[in-house]
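Hi everyone, and thanks for making time today. Please have a look at the model on the screen, and I will walk you through some of its parts.

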Amino acid sequence: MDAQQFREFGKAAIDIVADYVDNIRQRDVLPSVEPGYLVDVLPENAPEQPEEWKDVLKDFNDLILPGITHWNSPRFHAFFPSGSSYASIIGNILADGLGVIGFSWMASPACTELEVVTLNWLGKLLGLPEEFLNCSSGPGGGIIQSSASEATLVGLLVAKDKTIRRITEVNPSLDEDVIRSKLVAYTSDQCNSSVEKAGLLGSMKMRLLKSDADGRLRKETLKKAFDEDIAEGLIPCYAVANLGTTGTCAFDPLYELGPLCNEYNVWLHVDAAYAGTAFICPEYRHLMKGIEHVDSFDFNPHKWMNVNFDCSAMWVKNGHDLLQAFDVQRVYLADTKTDTKIPDYRHWQIPLGRRFRAMKLWTVLRIYGAEGLRSHVRNHIDLAQYFAKLARTDDRFVVEPEPSMGLVCFRLKGDDIATKTLLENLTKKKKIYMVAASYRGRYIIRFAVCSRITKKEDIEFSWNKIKQEADIVLSNEIQ
Ligand code: PLP
C-alpha cells in the first residue's frame, strides 16, 4: 500500500465511521448472530497475496458490523460508557501514524512529556491535591495505564514492595518470603471484579469486606479487619476504596478510610474508574473528600470522558515508590536525560512498551475544552434523572438506590423473578441493552446513560421498551 492508497483507504474508513455514528439508532443494539458466525465465514488462512482495501472495507460492512454490540448506541445502557469521540479517534490516528514506543524519555521525548502535561492538566481539572501532580515540587505524578485493572494491580505490587522494605529496614533478619506470605489486601464486597483479580495476580490475599446498607466500605469494618489480621500475625498492606462501584455507583468515604490506612501504614488506592470523570465538575468533588490521605488514584477517561479505550489515568503521591518496585536496568535502556522530574514511564507500569496514548487525551481535552467535558457529564446526569423520573411515574417500578451519576437502578415491585424475566426478555429483543446487579439482597436492573449522543428522546425510547415489556411480563404473571 502506498501513500496515495493510504489516503483513499483512510478517507473511506473515516466516512464509514461517521456514517456509522450518524445512523447508529437504526441498528439493534445487540447483534443477531450465533457463536462461530464469523469463524465460519472467514478463510482459514491469511491471504497469500495482497488484497484491495475496498474488499477489506466491504467485508467490514458485510461481516464485521453484523457481529458488533453497539456500545456507543444511545440504547446501550449496560456496564458503563465506552468512551469514544471524533477528537479521540483522530488522536489515535496521529499516534498510530507516528508508531512510537515511549518507554523512556529518549525513546520519544514528546510521548513522555505530553503525558506529563496532560496528566497535570487533568489532575488540576479533577481538583486533585497538588502533591499528586508532576508539576508540584514533590515526587508525585501521573501516568496513563491501559486499564483500571492494571492500575489496581500496579498499586498492589508497589504496596507489597514498600511494605517489605519498611519491615526489613527495622528487622533485617526477617525473610522476605515469609513477610510476603503474610501480606493482606482489603476492599469491599462491592468492588469491581478487577480488584479481586489484582489479589490473584499479585499473590496477595484480598479480603472483600462487607459494605454497609448503601454499598459503602466503612471505617469500623476496615479497622476490625486490620486488627483481626494483626492479631493473627498477618500484615495489612493494601486497601482499595471504590468511588463509584460498578453495581450501584456507591462511594466509599475516603475521609474515614484514608486516616485509618495512614495510621496502619496501609497503601490506599482509589478505583474511580467510571465516576472519576465527574470530579471535573466542582459540585461532585465532595464525593472524594479525604483524597489527600490516599496513595494512588485512578479513573478511566476511556469510560466517561470521551477518550477511546485504552486510557486509564493514574496518579501517585510518590513516584519513587514505583521506581523502587519496578526498576530493572539493562545497558540498552540506559537513561540519558538529566531532568529527574521527567519520568521514564517504564518504571511506572507493567509492560516495557507503551503506546502514545496521551495524544488522544490531548486532542479530547483541546477539542472539547473543560467546559465541553463538564457539560457532557452534566447532560448524562440530567438524562439519568429524567429516566428515574419516568420510572417513578409508573407505580409498578421501584427506583433504588437513589440514582448516582449517570446510573439508575430499578426493579419491578414484588419478587425478583419478574425483574429477571423483564431483563431476559428485553435482552432477547435486542433493542436496548442493560445488565443486572444486586442491592440489599434484591435483584435490580442497571440503566446507565452511556452514549455521548444520547438525547431525551433516546431515554424515552428505552423507557417505552421497558414499560411495554413490563406489560407483557406482568400480564403473563397474572395468567
Ligand atoms: N473499576 C470499576 C468501578 C469499574 O466499573 C470497572 C469497569 O467497568 C473497572 C474497575 C475495570 O475497568 P478496566 O476495564 O479499565 O480495567
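Let me start with a definition: I call a residue buried if 20 or more other C-beta atoms lie within 10 Å of its own, exposed if 12 or fewer do, and partly exposed in between, with C-beta atoms placed from the backbone. Helices (H or I, at least four residues) and strands (E, at least two) are DSSP runs, numbered from the N terminus. Please keep in mind that this is a predicted model, where local features need pLDDT of at least 70, side-chain atom pairs count only at pLDDT 80 or more, and totals for chains, interfaces and linings use all residues. Residues are numbered from 1 along each chain as its sequence is written.

Let's begin with helix α5. Which of its residues are buried? They are C111, T112, E115, V116, T118, L119, L122, G123 and L126. These buried residues pack against β1 (141–145), β7 (312–316) and α13 (358–392), where contact means that two C-beta atoms, placed from the backbone, lie within 7 Å. The helix covers residues 109–126, and at 1.5 Å a residue its 18 residues should span 26 Å, which agrees with the 26 Å between its end C-alpha atoms. The expected span here is 1.5 Å times one less than the number of residues. Just after α5, G127 has a positive phi of about 80°.

Now for the sheets. I say that two strands pair if DSSP finds at least two bridges between them. Seven strands make an open sheet with mixed pairing, in the order β1-β7-β6-β5-β4-β2-β3. At the edges stand β1 and β3 (205–209), each with a single partner strand, so one side of each has no neighbour in the sheet. Inside this sheet, β6 (residues 296–299) and β7 run antiparallel and are joined by four bridges, with D298 opposite M314 of β7. Helix α8 (residues 193–201) packs on the sheet and touches β2 (183–188), β3, β4 (235–242) and β5 (267–271), its direction making about 155° with that of β3. For such angles, axes are lines fitted to C-alpha atoms, for helices over the stretch in contact, and the angles run from 0 to 180 degrees between N-to-C directions.

There is another open sheet, with four strands in the order β8-β9-β11-β10 and antiparallel pairing. Its edge strands, β8 (397–399) and β10 (435–439), each pair on one side only. Strand β9 (residues 407–412) is joined to β11 (residues 442–448) by four bridges, and F410 has I445 as its bridge partner in β11. Helix α14 (residues 416–429) packs on this sheet, touching β9, β10 and β11. Why do I call β11 largely enclosed by the rest of the structure? Because five of its seven residues are buried. Between β10 and β11 there are five bridges, and A437 stands opposite I444. In their hairpin, with two residues between the strands, R440 takes a positive phi near 50°.

Finally, the ligand. How many residues surround it? There are 16, and the closest are S147, A148, S149, N192 and A273; a residue counts as near if its C-beta atom, placed from the backbone, lies within 6 Å. By class, this shell has five nonpolar, 10 polar and one charged residues. Here Ala, Val, Leu, Ile, Met, Phe, Trp, Tyr, Cys and Pro count as nonpolar, Asp, Glu, Lys and Arg as charged, and the others, Gly among them, as polar.
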